[in-house]
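Subject: Handover of a structure and its findings

Dear colleague,

Please find below the structure that I am handing over to you.

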Amino acid sequence: MTETHAIAGIPMKWVGPVRISGNIATTETHVPLATYESPLWPSVGRGAKVSMLAEHGIVATLVDERMTRSVLVEAVDAQTAYTAARIIDARFDELREVVRGCSRFAELIGVRHEITANLLFVRFEFSTGDASGHNMATLASDALLRHLLETVPGISYGSISGNYCTDKKATAINGILGRGKNVVTELLVPRDVVTGVLHTTAAKVVELNVRKNLLGTLLAGGIRSANAHYANMLLGIYLATGQDAANIVEGSQGVTMAEDRDGDLYFSCTLPNLIVGTVGNGKGIPFVETNLARLGCTAERAPGENARRLAVITAATVLCGELSLLAAQTNPGELMRAHVQLERDHKTEKIGV
């Protein structure tokens, strides 16, 4: 069989504009969403409209960034593993030089470890410029692992990946320590916009967030997560901008907060595992290049700044969809009516009726 390459056609629309401010970008931009779930477009669009009616729009604060890869080594016994861990900690500057020797953009910024029996799990943390950093982190970790095996006594190879990273899996460690970009988004919605555009009240949204996102997720056994549907918006923008879509697994871990401030609605989404890049695999496809350029994420900037811009735009898009959905769910029947109407209109449009 001859291997062929093709492009999978997924419907995409630009919604917005979204107003964004904060420590990374101040902008008003439309955002691309590639999805089969057609009601997502008007839902995110409604959240975007709300952002344009708020004085500062969505305030997006990037608080941390790091890509991780964990390696696994086997020691003779637990005491040897402990000694090896102490040696690794003491040689941090030496390990940073190893990383600099294999990449122009990767920088070792942290090392963490855990011992179980005679096994030592070492979690390396890197800054990776404008790349999301999967391959860069693996390449650097491979070099670090070789160096450790050659210079630390009593250990042997276990695996280049020990699942303590953790890549594309829902775990507590990512929420606690972070993987990718950690972005907090906030929006203060005036009372008249809450009632006029969202057709609800701040008190109703707050109550639903506590009962659904916080309590409901607790009862379901959620891991470091309390939100309604971050994954929907993440998948839409990940596919539109050439990201590794499987990273929505850890990316969708995050916390939604809502407060009633004398009728105004304070609404926030925290995403500690937002994995995006503006260079690397998936970015050379023409429609992806066009989308990234339109988002202003291909400009001549210092390494890392374009990826940070994309991260805050992505996080703001998540807030738009999360706010709109929760508002709809405060009203009996609104969500289902919207889905039925919008999906019926979409099907009619496709068959030309």
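A nonpolar core is a set of buried Ala, Val, Leu, Ile, Met, Phe, Trp, Tyr and Cys residues joined through side-chain atoms within 4.5 Å. Buried means under 20% relative accessible area, exposed means over 50%, and partly exposed lies in between, with a 1.4 Å probe and protein chains only.

Two remarks on the source come before the findings. This is a predicted model, in which local features need pLDDT of at least 70 and side-chain atom pairs count only at pLDDT 80 or more, while totals for chains, interfaces and linings use all residues. Residues are numbered from 1 along each chain as its sequence is written, and side-chain values use heavy atoms, with hydrogens and water left out.

The core

The largest nonpolar core holds 84 residues, and those with the most contacts inside it are Phe124, Leu265 and Phe267. Helix α11 (residues 305–329) supplies the largest share of this core, 12 residues. Helices (H or I, at least four residues) and strands (E, at least two) are DSSP runs, numbered from the N terminus.

What does Phe124 touch when residues up to four places away in sequence are not counted? Its partners are Met67, Thr68, Arg69, Val71, Leu108, Gly110, Val111, Ser141, Leu144 and Leu148. Contact here means heavy atoms within 4.5 Å.

Leaving aside its neighbours within four places in sequence, Thr314 is in contact with Leu234, Ile237, Tyr238, Leu274 and Val276. Leu326 also lies in helix α11, and with a relative accessible area of 0% it is buried. Not counting residues up to four places away in sequence, Leu326 touches Leu208, Asn209, Lys212, Asn213, Ala228, Thr256 and Phe267. The C-alpha atoms of Leu326 and Val206 are separated by 9.4 Å, although the two residues are 120 places apart along the chain.

Salt bridges

A salt bridge is a side-chain nitrogen of Lys or Arg within 4 Å of a carboxyl oxygen of Asp or Glu. By this rule the model has 17 salt bridges. One of them joins Glu125 to Arg66, with the closest N and O atoms 2.5 Å apart. Glu125 lies in strand β5 (residues 119–127) and Arg66 in strand β3 (residues 58–75), so this pair ties together parts that are 59 residues apart in sequence. Are these two residues buried or exposed? Both Glu125 and Arg66 are buried.

Glu125 has a further partner in Arg123, at 3.0 Å from N to O, and Arg123 is buried as well. Through shared partners, salt bridges join Asp64, Arg66, Arg112, Arg123 and Glu125 into one network.

Another salt bridge links the side chains of Glu28 and Arg19, at 2.9 Å from N to O. Glu28 counts as partly exposed because its relative accessibility is 47%.

The largest pocket

Rolling a probe the size of a water molecule over the atoms shows where empty space is left. On a 1 Å grid over the protein atoms alone, a cavity is a set of points where a 1.4 Å probe fits but cannot get out, whereas a pocket is an open set with protein on both sides within 12 Å along at least five of seven lines; lining residues have an atom within 4 Å of a point. Grid points are joined across faces, edges and corners, and a volume is the space filled by probe spheres set on the points.

The largest pocket has a volume of about 480 Å³. Its lining consists of 28 residues, of which Ala131, Ser132, Val279, Gly280 and Asn281 lie nearest the centre. Helix α4 (residues 134–151) gives the largest share of the lining, 4 residues.

Backbone points

The peptide bond from Gly16 to Pro17 is cis, with omega near 10°, and Pro17 is placed in strand β1 (residues 12–22). A cis bond also runs from Cys165 to Thr166, with omega near 0°; Thr166 sits in the loop between β6 (155–159) and α5 (172–177).

Ala117 has a positive phi of about 55° although it is not a glycine, and it counts as exposed at 56% relative accessibility.

Yours sincerely
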